[in-house]
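Hi,

Here is the structure I promised to pass on.

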Amino acid sequence: MNNLNYPAWLEIDQDKLSFNVRQLLDSIGADRELLAVVKADAYGHGAVPVAKTALANGVNWLGVNLIREALELRQAGIKAPILILGCSSFGYCEEIIRHDLTAVITDSRPLAALSETAQRLGKPALVQIKVDTGMGRLGVEPSSLLQLAEKVVRLPGLSFSGLLSHFPVADQSDKSFTLNQIDIFIALIDKLRLRGLNPPLVHIANSAGVIDLTDYPGNLVRAGIALYGLYPSGEVDHDFFLKPILSFKARISYVKPVPAGVGISYGLTYTTPEETRLAVIPVGYAHGMPRGLSNKGEVLIQGRRCPIRGRVCMDSTIVEVGNLDVEPGDEVVLIGKSGDEYIGADEWAYHLDTINYEIVATLASRLPRLYLVNGKIAIRRDFKVLYEEA
Ligand SMILES: *Cc1c(COP(=O)(O)O)cnc(C)c1O
């Protein structure tokens with residue numbers, strides 16, 4: 001696949017990303033826009049290349065958590081509107097306004113500073129209000145929404161550009177809580193309208209909402225995990241076809257035969273029951289290969305499953321290759337397809353009692369990322385800039 005001899009790397013298939021974007025666009029219909037959630041470096045996939053591909057395929061908006069994530073996108077020349085999903089209450093008004101970012105507001109505290117800065121810069125501060133319809137996280141209480149919205153429209157320099165809320169359990173098969181949230185949200189939209197407040201964008205649906213709900217309010221959808229070809233949970237409709245876009249690969253660094261009775265890795269938690277062969281893979285928990293996979297997970301070599309033996313170390317993992325004909329330099333698939341076998345982020349998540357979101361979002365930034373178009377490397381994100389004085 002590449003002749004660069006990386007010890008370990010990620011491959012992100014841009015064609016599959018494009019496919020997932022089109023699936024989502026088909027599902028949301030022509031009267032809704034799609035916001036690609038690229039927070040946390042696009043759930044570990046690399047924010048800039050993912051954002052560019054998503055935009056090229058009809059996505060209109062981007063969503064991030066941090067101002068610095070938004071600035072990374074702007075520095076890469078991306079002009080699309082960006083929503084700062086995280087808390088915008090703590091300053092950076094100037095960056096928000098200068099770079100045309102849209103702040104999410106959950107109370108009135110940041111409004112005065114945003115208004116003052118907007119007037120000073122002679123440019124509006126774009127503000128969306130988040131209301132808590134049942135997530136129990138960020139969001140103004142429904143009873144205080146009207147008051148907050150009126151403050152936004154009264155203050156000079158602020159532009160009330162949207163109203164949003166969030167689903168906590170749309171990925172569960174029982175949709176009663178989510179449907180009730182939708183009723184609350186619709187009632188709040190009506191209440192604002194009665195006061196003449198009509199934010200141009202209204203949105204509540206996440207990936208699970210798009211995949212599982214036949215109808216939901218709003219003219220924008222915020223999708224994250226589905227872009228990356230992963231399902232929000234095992235309970236959502238898997239007939240909504242998505243293609244996982246990420247593979248995690250490495251090259252075997254060392255192979256050795258061992259007799260029966262040999263203890264393996266820190267803690268010697270595994271002892272070979274019989275003579276076999278081991279391979280060392282230059283990937284460990286400091287690459288995002290969780291230590292919880294010790295003695296549990298498997299990797300793929302030549303389309304065969306090879307079990308992890310002993311503890312995953314910081315920078316290496318030992319697997320049993322038995323009599324497979326392997327040598328140093330051979331490719332190992334940690335996440336992805338090899339022959340007829342496949343290991344997904346969901347398989348890791350199962351072993352670790354977590355969700356695929358956490359697996360991909362914690363793949364280390366030290367791993368080079370290769371972006372494939374038509375099966376060929378189109379972009380590389382690696383260690384070109386090793387050190388730069390500020
Ligand atoms: C992360 C996030 C999303 C995306 O959720 P997915 O389940 O990945 O689609 C949408 N909205 C908000 C507010 C978020 O924080």
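The largest pocket has a lining of 30 residues, and Lys39, Tyr43, Arg137, His166 and Tyr357 are the ones nearest its centre. A pocket here is an open set of points on a 1 Å grid over the protein atoms alone, with protein on both sides within 12 Å along at least five of seven lines; lining residues have an atom within 4 Å of a point. α2, α9 (207-212), β9 and α11 (356-361) each give two or more residues to this lining. Helices (H or I, at least four residues) and strands (E, at least two) are DSSP runs, numbered from the N terminus.

Please keep in mind that this is a predicted model: local features need pLDDT of at least 70, side-chain atom pairs count only at pLDDT 80 or more, and totals for chains, interfaces and linings use all residues. Residues are numbered from 1 along each chain as its sequence is written, and side-chain values use heavy atoms, with hydrogens and water left out.

The largest pocket holds about 640 Å³ of space, a volume being the space filled by probe spheres set on grid points joined across faces, edges and corners. Its lining has 18 nonpolar, six polar and six charged residues. Ala, Val, Leu, Ile, Met, Phe, Trp, Tyr, Cys and Pro count as nonpolar, Asp, Glu, Lys and Arg as charged, and the others, Gly among them, as polar.

Now to the ligand. It sits in the largest pocket, meaning that more than half of its atoms lie within 2 Å of the pocket's grid points. The elements giving two or more residues to the shell around the ligand are α2 (39-43) and β9 (220-223). In all, 14 residues surround the ligand, each with a heavy atom within 4 Å of it.

Which side chains make polar contacts (N or O pairs within 3.5 Å) with the ligand? Ser207 has a side-chain N or O atom 2.5 Å from a ligand oxygen, Tyr357 a polar side-chain atom 2.6 Å from a ligand oxygen, and Arg222 a side-chain N or O atom 2.8 Å from a ligand nitrogen.

Best wishes

Definitions and conventions
A polar contact is a pair of N or O atoms within 3.5 Å; within protein, one must be able to donate a hydrogen and the other to accept it, and residues adjacent in sequence count only if both atoms are side-chain atoms. On a 1 Å grid over the protein atoms alone, a cavity is a set of points where a 1.4 Å probe fits but cannot get out, and a pocket is an open set with protein on both sides within 12 Å along at least five of seven lines; lining residues have an atom within 4 Å of a point.
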